[in-house]
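Open your viewer and get ready to select as you read. The tour has two stops.

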Amino acid sequence: MYKNVYVNEWVEQMANMTQPDKIVWLDGSEEEKARLTAEAVATGELVELNQQEYPGCLYHRTAENDVARVEHLTFICTEHKEDAGPTNNWMEKSAAYAKLGTYFTGSMKGRTMYVIPYIMGPAFSEFSKVGIEITDSIYVVLNMRIMTRMGKVAMDMLGDSPNFIKGLHARGDVNPERRFICHFPEDNSIWSFGSGYGGNVLLGKKCFALRIASWLGRKEGWMAEHMLILGVEDPNGNVQYVSAAFPSACGKTNLAMLIPPEKYQALGYKVWTVGDDIAWLRIGSDGRLWAVNPEAGFFGVAPGTSMKSNPNALLTCKANTIFTNVALTPDKKIWWEKMGVPAPEKALDWRGNEWTPDMDTKAAHPNSRFTAPACQCPCISKEWENPAGVPISAMIFGGRRAKVAPLVYQSFNWEHGVFVGATMASETTAAATGAVGVVRRDPMAMLPFCGYNMGEYFAHWLEMGKKIPNPPKIFNVNWFRLDDEGNFIWPGFGDNLRVLLWILARCNGTVDARESAIGYLPYAKDIDLEGCEVDEKVLENLLSIDKDAWLQEIEDQKAHLARFEKLPAEIKAQYEALCDRVNAM
Ligand code: GTP
Ligand code: SPV
Ligand code: MN
């Protein structure tokens, strides 16, 4: 038990329903970690990896049917449907409690209930909020220990306040028929049943830090966004920060940990990581928008992570990391596709089946992940735990678009920038169950994560723009344009710094741009290509916009915007202005 009576009372209620054999109140100590790890290793829930090679690292496989977020089983549960809006699944609040209550009742019989107090955000920061997650999974406990500031520090911050987000999770029998991820923003509460996977069960992450927090942000005048935060240091040592929203598995972690091309390293440029997935943003007393990363770790996509593509991520994972659904070698090492090292002669794949490189199945699941402490990242910003956050100069939207979207463009102003975010589209990835590679509209990369009516969310963005005296400039990028053979045209990764530098030059007013139908486009000469495999002609192509493609695009946008009953008039006006400009191209 803790000293906080509100926490104790709620835990007692949840225990009466779920009926665990015992309750463990966590404090976050090293002794506790060692004890729980040993227990999970003994039951086979976790595998201890080769400790010479991977000190402190663990391996876990989730059930075969439980390897990604389940958007069709994720609900916003409010009294009125219109508060969830047209893009969220909705259940009436009391009906949802009743339905999930039948699943939770007795679900922890024979099991242990763990109580995890945690903070999203730096301890004792004005940005930060406390959550308590109840779970019957040690895997969840050990992941939350990496992803949040958990244990005693959270109870110290909470004090005797009733103000905490209540999260209840039980694995149940991991049956997709009885899997529900329900959010009750009116009650600051989250109930998750029947899954053991990432974003479904690490309730501090998408459930709290985006769905519940977006609701709170609207109420309290701040923003919770699916954004990385990074700092670019110039050769004089000045650091400017940007945040960027890309849909799941579209490059946030990679951009956040970018390694500058050689030329820029030699000149003294550096990129510092503040966060790789979520940003909480508030207006500072200086009139700028300031951001913190509410998380304390990275839950990153493993496949494709190599010493070539993202060495900083790989180095972050060298110790104290949990690997989920990657391949396991006989000598207890791990492997995944495009890791940049030869495949093992044999391994157990993500399903736990014998695997050899000649098989045409993947050894690691495409959405397999590492959970690693942010403080181990070689390029972690020294400001990453600053309770005041970092000031944001530019906000960037982006996604996977084979054609249509150019490499980069700048919005005309905040209102136009909100429209650009509201009409964002991207091809779907393995981060959620369902078809991969289908174009869908994903406003601000928040479609699966906005905890309320998305029409009102757009209005909140517009409202914030009016309140920020010195708002960030808003841009759109696309690293994923394809040639006719289906190859990426832009090399991406480290070379994305070339685009970031144009963006910052725009913020600093040191470079011109040309006005186009969709926004300000760079002059090709202003994106430096020295040492890049792309020449100016290819760049011209990457920066081109095709009238026919954009005529099609505005048709698609029309259908998308028609979904929102509460679409702000400003967005509608922006849409009409875009149509006029495209027609006049
Ligand atoms: P979530 O954790 O799901 O939110 O994903 P994320 O947005 O952090 O994506 P991540 O950085 O893990 O990248 C996902 C995939 O995109 C990986 O396979 C990367 O290799 C690939 N990727 C990232 N950046 C680039 C890029 O600049 N160009 C290309 N072509 N691929 C990229
Ligand atoms: C995402 O899907 O955007 C992730 C992974 O960052 S999860 O925690 O599963 O949401
Ligand atoms: Mn994400």
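At what angle do helix α11 and helix α16 pack, and how far apart are their axes? Keep in mind that this is a predicted model.

**Stop one: a pair of helices**

Select residues 414-422 for α11, then residues 569-583 for α16. The two helices pack at an angle of about 85°. Their axes are 9 Å apart. Angles from 65 to 115 degrees count as roughly perpendicular, so α11 is roughly perpendicular to α16.

Now show the side chains where the helices meet. From α11, pick E415, H416, V418 and F419. From α16, pick E570, I571, Q574, Y575, L578 and R581. Colour this contact by class: five residues are nonpolar, two are polar and three are charged.

**Stop two: ligand 2**

Zoom in on the oxygen atoms of ligand 2. Start at G199: a backbone N or O atom there lies 2.9 Å from a ligand oxygen. Move to S248, where a polar side-chain atom is 2.5 Å from an oxygen atom of ligand 2. Then try D277: an N or O atom in its side chain lies 3.4 Å from an oxygen atom of the ligand.

Conventions: Residues are numbered from 1 along each chain as its sequence is written. Chains are lettered from A and ligands numbered from 1 in the order in which they are written. This is a predicted model: local features need pLDDT of at least 70, side-chain atom pairs count only at pLDDT 80 or more; totals for chains, interfaces and linings use all residues. Side-chain values use heavy atoms; hydrogens and water are left out. Axes are lines fitted to C-alpha atoms, for helices over the stretch in contact, and angles run from 0 to 180 degrees between N-to-C directions. Helices (H or I, at least four residues) and strands (E, at least two) are DSSP runs, numbered from the N terminus. Angles under 35 degrees count as roughly parallel, over 145 as roughly antiparallel, 65 to 115 as roughly perpendicular and the rest as oblique. Contact means heavy atoms within 4.5 Å. Ala, Val, Leu, Ile, Met, Phe, Trp, Tyr, Cys and Pro count as nonpolar, Asp, Glu, Lys and Arg as charged, and the others, Gly among them, as polar. A polar contact is a pair of N or O atoms within 3.5 Å; within protein, one must be able to donate a hydrogen and the other to accept it, and residues adjacent in sequence count only if both atoms are side-chain atoms.
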